[in-house]
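Please read the following briefing alongside the sequence and the coordinates.

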Protein chains: 2
Amino acid sequence: MGWLADERGLEKCAANYAALTPLSHLRRAAEVHTDRTALVHGSIRLTYGEYHARVSRLASALAGMGIQPGDVVATLLPNIAAHAEAHFGVPACGAILNAINTRLDLDTVSYILEHGGAKLLLCDTAFLKLAKDACARLEGKAPILVEVCDREAGFSPSGEVLEYEELMARGNPWAPWVMPEDEWESIALNYTSGTTGRPKGVVYHHRGAYLSTYGNAIAWRMQLYPVYLTIVPLFHCNGWCHTWMVPMLGGTVVCCRDITAKAIYAAIADEGVTHFGGAPIVLNTLINAAPEDRRSFDQVVEVFTAGAPPPAATLAAIEPLGFNVTQVYGLTEVYGPATECIWKPEWDETAGEERAALKARTGVAMATLEGAEVHDTHGQPIPRDTVHLGEIAMRGNMVMKGYYKNPEATSEAFRDGWFRSGDIAFQHPDGYIKITDRAKDIIISGGENVSSVEVEGVIAHHPAVSLCAVVAKPDERWGEVPCAFVELKRGREATEEEIIAFARERLAGFKTPKQVIFCELPKTSTGKIQKFELRAVAKLAVTETEDAR
Amino acid sequence: MGWLADERGLEKCAANYAALTPLSHLRRAAEVHTDRTALVHGSIRLTYGEYHARVSRLASALAGMGIQPGDVVATLLPNIAAHAEAHFGVPACGAILNAINTRLDLDTVSYILEHGGAKLLLCDTAFLKLAKDACARLEGKAPILVEVCDREAGFSPSGEVLEYEELMARGNPWAPWVMPEDEWESIALNYTSGTTGRPKGVVYHHRGAYLSTYGNAIAWRMQLYPVYLTIVPLFHCNGWCHTWMVPMLGGTVVCCRDITAKAIYAAIADEGVTHFGGAPIVLNTLINAAPEDRRSFDQVVEVFTAGAPPPAATLAAIEPLGFNVTQVYGLTEVYGPATECIWKPEWDETAGEERAALKARTGVAMATLEGAEVHDTHGQPIPRDTVHLGEIAMRGNMVMKGYYKNPEATSEAFRDGWFRSGDIAFQHPDGYIKITDRAKDIIISGGENVSSVEVEGVIAHHPAVSLCAVVAKPDERWGEVPCAFVELKRGREATEEEIIAFARERLAGFKTPKQVIFCELPKTSTGKIQKFELRAVAKLAVTETEDAR
Ligand SMILES: Nc1ncnc2c1ncn2[C@@H]1O[C@H](COP(=O)(O)OP(=O)(O)OP(=O)(O)O)[C@@H](O)[C@H]1O
Ligand SMILES: Nc1ncnc2c1ncn2[C@@H]1O[C@H](COP(=O)(O)OP(=O)(O)OP(=O)(O)O)[C@@H](O)[C@H]1O
Ligand SMILES: [Mg+2]
Ligand SMILES: [Mg+2]
C-alpha cells in the first residue's frame, strides 16, 4: 500500500480533511455567489445569500421542534422552493431526508412512514388529507405534521397544523449547521418505486451525495451558472441529486410544480432554462403541446431522459424544437442515473433510425462509478456481442449504503462485491450497454430465455391492443410459459385465440403466450406496470388454451 | 450525527465503497473511451486502450525492478509522454511519484533525492549528467537510473543505463494495478519552488488527487473531450493535477516539451487545443511571437494563469488573438490552483483597465476547497474593505497531507485548523481575494506594514531600473527598514541616492528604502526572486546612507 517510509505528521486534521457533503456546496455558494439567483418558484426568487439563510432557519427551527441528528424528516411535497430548502435544511440539522412520492396510495405512504419512522412530515396543502389518513393508520408514533402552503400555486393555509413559514419564523438565519463528522453518515432515505414489490428504503450517505454532484455536472456537460428546471420529482432519488449540485456551479434551480407543456415552455423562455431531466413522456408532452402553450427560445436545452429509451419518433420530433436528448439509466439504489449514453462525435453524421438506435443505448458508467458491467449467472462479464444477455452490475461510491432495516436484501443485492441491478442487458462491442428486460420479468421456458419485452413488442402491434404486459406463468412441463395481459383500445375487441394466433405467426413457439387475460394493468405511481401483481394472477388463473408449443 | 436508528447492514463493502483515486479515471476511460486519442507527443499518438496498457506495463516493470508499494519513484522529465505515463504507472504499482523540477541546480536536486529517498529515477537524456552528478553526492543509496530517451525530440539513448522502452518491454500490458485500500495513502511527493528557503516536500494523497480532477474540470469549465496542452510542467504540482483529470473527460493530453510560441501555436492549430495553463510569461511569448511562428485557429482557447496577475497590457494584447484568460492562485501545498477569479456575467461589458483590474483579482475558493479566507493575526477574518490586510488561509480536502519528514513545519502550517499560505491579501466587498505580498516579504517598520510589492512597483518606474526587489533589513530604531536590490538596464546607470530620492518623492517616508544595492537578483528555476537570500545580504550589508526617515 502507498504509505511513505515516514508518515509522521501526515494524518488527517481540521485543515486538510473535511467529510464530503453537499452542504459544503451551498455554504460556499453563499460566500462566492452571494447575490446570484439560486432558487425560483413563481414569484419567489432567492439569492444564494437568502437561500443559505433560509436553510439555516429551517435547520434551527427543526432542531427547535425536537429533531435530533439521526432522526428522519419526511416530505410529501411537489417540486417547490420548500422542497429544495429541505434538501439542505434537513441534513443541516443532522437529520435524514425522506422525500416520499406524492403519487403513492394511502397504504404505501403509511407503510413508508411506519418503516422510515419519520419524526416530522413537511406536507403540501394538497396532500394534507393523505398525510393525516396515513398517520392515522400508524402503529408507532405519528410524525409532527407541518403544512407547506404553496401560495404561488394559489393555496391558503388550512389552519389545521403548524405552517412552514411559521416554522421558519422560529428559526435563526445565522444558526450554524450540523456538518457530518463522518462522510458515511446518512443524508437521505429514498424508497424505490415499488415496481417489483413493496418499496425498499434506500439509504444515501453524505459522501455519495457529494460525489454525485461532480459526476452529474460532468455527465450533464454543465459549466458555470446552469439554469436547471426541476421536472424529475425531488422525491425520486432526490431529483437525481441535482438540487445538491446546482450551488456548486452558481446556477439557478427553477421549480416546476405542475409538469405541463405550458409551464415548461414558459420556464425555458422566461428563465432561460438550460437543462432538465425527465421520463420520455415529458418529451411527448412538449411535442404535442397546444400552439398557445409553446414559446420560442434561443438556447439548446439539454434534456436527460431515463426510465426507458427515447423512441425514434420522439427524438425526430423533439430535436428540431431546440432540445438535445441524452439517455441515462439508473436506479434509486445508485443515486439516480449511473450510466449515460455518452455521445461520440463520430455519430454526429447519423440520422433517423440509426441515430435513434444510438440514442436508445443505455450507455456506459458515469465517472463516479467504479464499474458498470453485464454479468452472467456466475458473475463473469458476458461477451460483448449484442447476443449474450446478463444482469447489469455496478460498484463504487455511487452505490447506496444499503436497504434500511433489511440487511438480508442488502447482502443479497451486494453479492460478490457488486450491486446487482436486476436489469437484463446485452453489450455492444464498444462496451455500450443496452437493457432488454428486468431479471424478474425474464421468462424461462424449457430452459430458454424469453424476453417479456420482445413478446410485448409483438403483441402491441395487434390493431386492437392498447397496452400489453407479458409475465411468466408456472407450468408443469416447461417450468414457465409466457402469459399475456392485455388492455384493449377503446371500442375494439379481440379474443384470446386471435392474440395467440397473431403472436404465433411472428414468434418462435416457446415465446408465444399460452394464455391471454384482458384487464386494466396495475401501475405504479410513476406509470410502471407492476408485473409482480400480474404474476400472482397468472399463477392462479386456470389455463384454458391447450399447450400448443 | 447523522446515523439512522438502525444502521445494520449499511456498512462499507466492496460493492458500495472504493478508495478515491485518479487511477479509476484511466481505468474507466480505457473501458468507455477505448479508441479515443488519449496522449499525443510528436508522432506518438496513444488511444486510451494503448495508454492503459502502457501504464500497466510501467507499473509491472517497476515492480519487477523491486519497487514496492510505499517506495518513491522520482522523475527528471520534461512534459513528454513518458511523464504522463508515470503519473499513472507509478501509483499503479503502489509507489509515490516524486516529479523533480528539471531546472533546479545540482545541489537542490541531490537534496531532494536524499530527502525524498527515491528508489528509482526516470531521467530524460538531457538531464542524465545532472542526475548522475546528483546521485554521486548522495549519502544514502542512490536510486536506480532509467534513461527516458525522447526520440521525438531527436535524442538517441546514451547506452549508459537501462532505457525506458527496454524497461517497458519487461512489463505486462495486462498486469493488474495496485489500487489504494485507503484513500489517504500517498500518491505524490512534490517539492515547493524554494522561493522562501529550502524546498519542502509536500505529500499528496489519492483522495485529494481524485477530488482535484473534479474541482479542476469544473473550474476550467471543461466538458467532454477537451484537448489539453501541457505547458505547466508536470513537476509543478503534477501539472496542476491535470494529467489525472483529462481521462475522466475522454480528452487528449498534448505534450509540449519546449515551451516556444511556435510549438504552442502549432498545437493549437494542428491538435485543436482547447485549454492550457501557464504563468503570465507564456502569454507574452504568444503575443511577441514572430509572424512565421503564428498560426490561425477557430476555437477560443481557455488559458488559466497563476503565479502573478496577468498585466493589463498582456490581457489587451492576448484576448483578441483568440484566448480567454482566467487567473487562478495556489501553492504546491493545495494541489496547485485553489482559488479562481470566477468571471461574473455582469462584468462582460467592462473593458481596458477596469477589465484588467477584475481579471487581476486572485479570486474565490474553488469548489473542492472548504474555505479560503483572509485572516488577521488572531486567525479572524478581516473586514472586506480592500484596506485591511491579512494572510490567506485555506482548508479542506485539497490541502496537502503535510510536509514530508517535517512534522514541525506541518503543524505550524496547520495552526488552528487552517493551512496558512504565507500570502498577504485584502478582500473586496464581494469576497474576492487580492494578493498583495508574501507574509515573509512584508516589512514592518516602526509598527507600520510596508508592502514590498508597493515599493518595488515605484522603483520599477525609474528609467534606469530593469528589476527590483525590496526586503526588510533589521534596524535598531525602526525594527525593520526597506532595503532595495536593483538590476539596472543594460547600459544605464543610477546611484543609490538617486533611487532613494526617486522613491521618496513618490512614497511615504517609512516606505522609502534606506539602502539600495545593485546586483543580479537570485531567482528560482521558475523565475521567482529568492528574497530569503536578499534578506541575508541586507542583514549583513553596512548601511551607508543616514537614516532620513
Ligand atoms: N434508461 C432506462 N432504460 C430502461 N429502464 C430503465 C432506465 N432507467 C431506469 N430504468 C428502470 O427503472 C428501474 C429503477 O427504478 P426505481 O429505482 O425508481 O424503482 P423500481 O426498480 O422501478 O422499483 P422497485 O425496485 O421497488 O421494484 C431500473 O432498475 C430499470 O429497470
Ligand atoms: N495568482 C497568483 N498571484 C500571486 N501570487 C501567486 C499566484 N499564484 C501563486 N502565487 C505565489 O506562488 C506561491 C506558490 O508557489 P510554490 O508552491 O510553487 O512555491 P513557493 O511558495 O514559491 O516556494 P517555497 O514555498 O518553497 O518558498 C504562492 O504562495 C504565491 O506566493
Ligand atoms: Mg428496483
Ligand atoms: Mg510556498
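How many Å separate a polar side-chain atom of Thr196(B) from an oxygen atom of ligand 2? The distance is 2.5 Å, which falls under the heading of a polar contact (a pair of N or O atoms within 3.5 Å; within protein, one must be able to donate a hydrogen and the other to accept it, and residues adjacent in sequence count only if both atoms are side-chain atoms). This is a predicted model, in which local features need pLDDT of at least 70 and side-chain atom pairs count only at pLDDT 80 or more, while totals for chains, interfaces and linings use all residues. Residues are numbered from 1 along each chain as its sequence is written, chains are lettered from A and ligands numbered from 1 in the order in which they are written, and side-chain values use heavy atoms, with hydrogens and water left out.

**The site of ligand 2**

- Ser193(B) places a polar side-chain atom 2.6 Å from an oxygen atom of ligand 2, whereas Gly307(B) has a backbone N or O atom 3.0 Å from a nitrogen atom of the ligand.
- Taken alone, ligand 2 exposes 630 Å², and the protein buries 93% of that (accessible areas by the Shrake-Rupley method with a 1.4 Å probe; for residues, only the protein chains shown count as cover).
- There are 19 residues around ligand 2 (a heavy atom within 4 Å), and those that come nearest are Thr192(B), Ser193(B), Thr195(B), Thr196(B) and Asp423(B).
- Strand 14 (323-331) of chain B gives the most to this shell, with five residues, and strand 21 (433-438) of chain B supplies at least two (strands are DSSP runs of E, at least two residues, and helices runs of H or I, at least four, numbered from the N terminus).

**The contact between chain B and chain A**

- In chain B, 84 residues are in contact (heavy atoms within 4.5 Å) with 83 residues of chain A.
- The area buried between the two chains (accessible area, 1.4 Å probe, lost on putting them together, summed over both) is about 7000 Å², of which carbon and sulfur atoms give 58%.
- Met1(B), Leu4(B) and Trp184(B) supply 10% of the area that chain B buries against chain A, more than any other three residues.

**Polar and charged pairs between the chains**

- Ten salt bridges (a side-chain nitrogen of Lys or Arg within 4 Å of a carboxyl oxygen of Asp or Glu) are counted between chain B and chain A.
- One of them pairs Glu183(A) with Arg207(B), whose closest N and O atoms are 2.9 Å apart.
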